[in-house]
Structure formats: structure tokens, C-alpha cells
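I set out to record what I looked up in this structure, entry by entry.

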Amino acid sequence: MPYKEHQIEKIYFTVGEVADKLDIYGSKIRFWLDELEIPIRRNHKGERKFTVENVKLLEKIKELREVEHYQMQGIKKKLPFLITQIKEETKKNTTSKQKED
């Protein structure tokens, strides 16, 4: 049976890494987090640590702001639905990955 190498996936990302991935400034991410009151885990130094779900949520917020031209109030109203939707997608992806292994 051949050895199957597992790809190591990163669990947490910094503001800078997320900003690079989304092609926006870190200050915009911090502004969205404050305005939309999105809780983000912090490490012992107080730095924000983003999960894959957090990054997906920020991608969706960026899409709503830049493509669909939503105001922050509209996004805030839609936020609970977005969070639920992303958690369900992540759960499906995790389940399908476990079946592959």
C-alpha cells in the first residue's frame, strides 16, 4: 500500500494574510469586524486569528460590498444567515473530506 502524504492545512490566519488573500487593506477588515460586531479569536498577544470560516465570511462581505453594493446596515441584517450558510458549507466539505480518507 503506497504512502499517502497528507496536505497540512493552516488553521488560523493573521489580518495581513487575510488582507492579502482578499486583496484589501487590513484596516478595512478591522473596520468591518468593528462595524458588524463580528467576534474574532485572539491570541495571547491580542492579535486577531482568523479561521477558514472567518475568511469565507469576509469574502462574502467583500462581495456584498463591492459587487452587490450593500450598505453596512444591510450586511448586518443578513449576517446571521451568512454565518449559518458558511457553517453548513464547511460542515459538508469536512464530511466529504473524511469520506475520501
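I took contact to mean heavy atoms within 4.5 Å. The model is predicted: local features need pLDDT of at least 70, side-chain atom pairs count only at pLDDT 80 or more, and totals for chains, interfaces and linings use all residues. Residues are numbered from 1 along each chain as its sequence is written, and side-chain values use heavy atoms, with hydrogens and water left out.

Entry on N54. I located N54 in helix 3; helices are DSSP runs (H or I, at least four residues), numbered from the N terminus. N54 is buried at a relative accessible area of 15%, where buried means under 20%, exposed over 50% and partly exposed in between (1.4 Å probe, protein chains only). Leaving aside residues up to four places away in sequence, I found N54 touching I40 and K49.

Entry on helix 1. I listed V15, V18, A19 and L22 as the buried residues of helix 1 (residues 15-22). Viewed down the axis, they fall within an arc of 100°, so they line one face of the helix; the arc is taken from the directions from the helix axis to the C-beta atoms. D20 and K21 are exposed on the other side. The cover over the buried residues includes helix 2 (26-36) and helix 3 (52-66).

Entry on salt bridges. I searched the whole structure and found 4 salt bridges, each a side-chain nitrogen of Lys or Arg within 4 Å of a carboxyl oxygen of Asp or Glu. One of them joins E37 and K76 at 3.5 Å, N to O. E37 sits in the loop between helix 2 and helix 3, and K76 in helix 4 (residues 72-100), 39 residues apart.

Terms used: Helix = DSSP H or I, 4+ residues; strand = E, 2+ residues; numbered from the N terminus.
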